[in-house]
Amino acid sequence: MNKKILLYILSLFFVDNFINSQTLEIKTGPDNEDKVKVTMGGRIAFDGALYFDDKTTLGNGMTISDVRLTTKMQYKKWDAKIDFGFADKKVNTKDIHLIYNINENSWVKLGYAGEQLGLENWESTAWQKFMTPASSSQVFGSGRQLGLTYVKWNKRIYVSGGFYSDNDALSNSKEGNQGYACVSKFSYDPLSSNGNILHLGISGEYRTGNRDGLDENNKTKRIMNYSGDLITKVEKKKPLDFTITNVKDQYRFVTELLATTGPIFLLGEYYNLHVNRKKYYHSYNAGGFYIQSGVLIFGDKTYRYNLGDRRLKRPDGKTLEMAVRYDHTDLNDGVYQTEILKGGRMSDVSVALNYYVNKYIGFKLNYSNVNLGVYNNYGNKENINLIQGRVIVVF
């Protein structure tokens with residue numbers, strides 16, 4: 001009985017600390033630094049969408065597009081994170097990593113996390129400007145991979161490099177040798193001052209193809225897949241979903257621009273992709289870009305910059321923001337004697353209104369006009385309009 005009472009008291013103590021601070025500190029030694037900080041958090045996104053379809057019938061409706069539960073641990077120079085997603089009634093691994101902080105401006109990360117490639121693709125879904133990243137960011141951006149990353153920065157310069165496995169590393173479900181990738185990034189900010197930012201960046205990747213089992217000679221088959229949704233989370237059918245087989249390796253480059261002055265921002269990225277393939281198979285080239293701009297209408301008056309990841313910080317509470325984006329994605333290469341290397345073309349114009357209630361809650365409203373070319377998974381040359389809304393809760 002005494003043990004049950006003790007456990008009850010400890011649970012009440014833990015719940016009280018969690019509710020008040022979301023952080024639990026555990027003393028591990030006599031030194032002030034001998035303590036472990038455990039922080040709990042998460043997010044929930046409620047989405048609704050209405051489609052004005054053309055040829056392909058699309059499903060209006062609602063969904064919970066994102067559910068996250070996150071645990072972080074800090075001990076001296078060490079940080080650890082475990083983050084799982086629960087959208088679509090599935091458990092998805094998001095981030096599982098260990099960080100060693102070399103100093104205030106550099107760290108090394110081991111684990112399953114995003115590659116340091118591009119900007120928008122790694123904006124948090126909690127506070128990204130639109131309902132989804134641009135289609136070009138989805139198709140040509142990088143995903144989470146198991147690997148090792150090094151990052152160093154100062155006020156003007158940000159550099160990173162990493163070595164990663166392929167996308168089968170966690171499930172380890174296919175035969176053959178895993179692929180690998182080397183990624184590097186450099187950005188320069190020549191004139192940032194109060195309320196003004198100019199960020200110029202470039203990142204590149206060399207990747208062998210993702211393994212896809214063994215061929216008849218017991219050699220590893222390699223493929224690459226490029227896909228993007230209809231810039232929505234309610235309709236699941238992807239207009240762009242193209243797989244390249246007989247891959248040797250891939251080169252991917254991203255150039256990025258971020259500029260702000262007071263309450264106005266401008267952000268753009270250009271993607272270039274080249275895939276080398278085995279003998280007798282034609283190489284593959286594709287690319288895309290997006291450009292977006294926004295303004296703080298009322299509330300917060302100035303966009304701010306996070307030096308640690310080179311992205312814009314979330315505006316303060318009680319702020320209304322308006323943003324406009326144009327995006328173009330082209331997976332069409334050419335028609336050759338042995339195959340057709342055309343994965344589809346898609347462009348869209350989107351307008352967003354975002355209201356940041358406080359640091360925990362936000363509302364989003366998006367309108368998009370989407371144009372699809374030929375060779376996509378919908379009807380050829382379709383034009384689709386969609387209106388979407390989201391309520392986001394971060395805790």
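Ala, Val, Leu, Ile, Met, Phe, Trp, Tyr, Cys and Pro are counted here as nonpolar, Asp, Glu, Lys and Arg as charged, and the others, Gly among them, as polar. The structure is a predicted model, in which local features need pLDDT of at least 70 and side-chain atom pairs count only at pLDDT 80 or more, while totals for chains, interfaces and linings use all residues. Residues are numbered from 1 along each chain as its sequence is written, and side-chain values use heavy atoms, with hydrogens and water left out.

View 1. On a 1 Å grid over the protein atoms alone, a cavity is a set of points where a 1.4 Å probe fits but cannot get out, whereas a pocket is an open set with protein on both sides within 12 Å along at least five of seven lines; lining residues have an atom within 4 Å of a point. Grid points are joined across faces, edges and corners, and a volume is the space filled by probe spheres set on the points. One cavity of 30 Å³ or more is found in the whole structure. The largest cavity holds about 30 Å³ of space. Its lining consists of Phe130, Met131, Thr132, Ile231, Arg325, Ser350, Asn366, Ser368 and Gln388. By class, these are three nonpolar, five polar and one charged residues.

**View 2. Ile231, a residue of the cavity lining.** Helices (H or I, at least four residues) and strands (E, at least two) are DSSP runs, numbered from the N terminus. Ile231 belongs to the loop between strand 12 (220–228) and strand 13 (240–244). Its phi is near 40 degrees, a positive value in a residue other than glycine. Buried means under 20% relative accessible area, exposed over 50%, and partly exposed in between (1.4 Å probe, protein chains only). Ile231 is buried because its relative accessible area is 2%.

**View 3. Asn172 in a loop.** The loop that holds Asn172 runs between strand 8 (157–165) and strand 9 (180–188). Asn172 is not a glycine, yet has a positive phi of about 50 degrees. With a relative accessibility of 49%, Asn172 counts as partly exposed.

**View 4. The second largest pocket.** This pocket has a volume of about 180 Å³. Of the 13 residues that line it, Ser192, Ser193, Asn194, Asn196 and Tyr305 lie nearest its centre. The lining comprises four nonpolar, six polar and three charged residues.

View 5. Two strands pair if DSSP finds at least two bridges between them. Strand 4 (residues 78–85) and strand 5 (residues 92–103) are antiparallel and share eight bridges, with Gly85 opposite Asn92 in strand 5. Six residues separate the two strands of this hairpin, and Asp88 in the turn has a positive phi of about 60 degrees. Strand 5 and strand 6 form a hairpin with two residues between them.

View 6. Trp127 is placed in the loop between strand 6 and helix 2 (135–140). At 14% relative accessibility, Trp127 counts as buried. Contact means heavy atoms within 4.5 Å. Apart from neighbours within four places in sequence, the contacts of Trp127 include Arg314, Tyr356, Tyr360, Ile392 and Val394.
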